[in-house]
Amino acid sequence: DMSVDIVDEDDNEDVDSNWNFDDFGNVVFEEDSSDYDELEYDSDEGTNLQLVAGDYTSRRSGGNLSEERKELPLWSLDEDESFLSDWTIEVSVDGESKKLYHVHKFTLATGPMKSEYFETLFKSGQFSESADSTSIVPLPEDVAAFFPDFLDYMYSQPSECDRLINRENRRSLQHLASYFLVPKLTEAIYNFIQEDMHDLEHLEEYVSEFGGAEDDESRKVLSIAARVCAE
């Protein structure tokens, strides 16, 4: 059997007042949450809910893109294959250049999935990167490994983008969404976490990962966990 208890430190009431949800139950962040519930639960080893992967295949593995996406420019590791590329991102690990990604300023800095980092950079034109149209980005090795997934997200269509987030790349995409200031990706990651928590073994992993921290991100994840437990 499975039992779930939600215990609030102050008055034993649910803390949902700072959260907003759309018609599909997804989290929509408008302001930071200041409180979260402590969770106490016992999970049955036999509980196993599976998430079904979408049909989008990452460009990093040479998979298929939607027909509408094929009509638009794509990022590339090969400068000759990057149609109309006007910017380069050089990812470095431990001070050593690893890969060059040929990208498009318009894609990175506009639209609902835009990067506020690149938007500010391109609008200003006063940063040192503007001289050679190249951004040098130092990243931890585990995060750098998923930089292609980040670009896949930035270049994807709205109907495809959420399918790119999975348990393997979630932490790295969180890091990159924070680094490059991509609010839409951050929101999508929290929605993925909320859905993933319906497998209680995964919920335990999230509580273990974020339970000992006091930062805003941890508070948000623990608040999502409280809501999932209350369902």
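Among contacts in the chain between residues at least 6 apart in sequence, what percentage join residues at least 24 apart? The figure is 67%. Welcome to this structure, which is a predicted model. Its chain has 231 residues, and 42% of them count as buried. The secondary structure comprises 10 helices and 7 strands.

**The chain as a whole**

- The accessible surface of the chain is about 12900 Å².
- Carbon and sulfur atoms account for 44% of that accessible surface.

**Helices α9 and α10**

- Two packed helices are described by the angle between their axes and the distance between the axes.
- For helix α9 (residues 200-210) and helix α10 (residues 216-230), the angle is about 150° and the axes are 10 Å apart.
- Because angles over 145 degrees count as roughly antiparallel, α9 is roughly antiparallel to α10.
- The crossing in which α9 passes α10 is left-handed.
- On the α9 side, the contact is made by Leu-203, Tyr-206, Val-207 and Phe-210.
- On the α10 side, the contact is made by Glu-217, Ser-218, Val-221, Leu-222, Ala-225, Val-228 and Cys-229.
- Sorted by class, the residues in the contact of α9 with α10 are 9 nonpolar, 1 polar and 1 charged.

**Helices α7 and α9**

- Helix α9 also packs with helix α7 (residues 170-179), at an angle of about 45° and with the axes 14 Å apart.
- From α7, Arg-170, Arg-171 and Gln-174 meet Tyr-206, Glu-209 and Phe-210 of α9.
- The contact of α7 with α9 has 2 nonpolar, 1 polar and 3 charged residues.

**Helix α5 and Asp-152**

- How many of the 9 residues of α5 are buried? The count is 9 of 9, and the helix is mostly covered.
- Among the buried residues of α5 are Phe-147, Pro-148, Phe-150, Leu-151 and Met-154.
- Asp-149, Tyr-153 and Tyr-155 are buried in α5 too.
- Asp-152 lies in this helix, which spans residues 147-155.
- The relative accessible area of Asp-152 is 2%, so this residue counts as buried, the cut-off being under 20%.
- Asp-152 and Leu-74 are 78 residues apart in sequence, yet their C-alpha atoms are 8.7 Å apart in space.

- Most residues other than glycine have a negative phi.
- With a relative accessible area of 27%, Ser-133 is partly exposed.
- Leu-181 is another residue that is not a glycine but has a positive phi, of about 55°.
- Leu-181 sits in the loop between α7 and α8 (183-196).
- Leu-181 has a relative accessible area of 40%, so this residue is partly exposed.

Methods. Residues are numbered from 1 along each chain as its sequence is written. This is a predicted model: local features need pLDDT of at least 70, side-chain atom pairs count only at pLDDT 80 or more; totals for chains, interfaces and linings use all residues. Side-chain values use heavy atoms; hydrogens and water are left out. Axes are lines fitted to C-alpha atoms, for helices over the stretch in contact, and angles run from 0 to 180 degrees between N-to-C directions. Helices (H or I, at least four residues) and strands (E, at least two) are DSSP runs, numbered from the N terminus. Angles under 35 degrees count as roughly parallel, over 145 as roughly antiparallel, 65 to 115 as roughly perpendicular and the rest as oblique. A crossing is left-handed if the near helix is turned anticlockwise from the far one by less than a right angle, and right-handed if clockwise. Contact means heavy atoms within 4.5 Å. Ala, Val, Leu, Ile, Met, Phe, Trp, Tyr, Cys and Pro count as nonpolar, Asp, Glu, Lys and Arg as charged, and the others, Gly among them, as polar. Buried means under 20% relative accessible area, exposed over 50%, partly exposed in between (1.4 Å probe, protein chains only). Accessible areas come from the Shrake-Rupley method with a 1.4 Å probe; for residues, only the protein chains shown count as cover.
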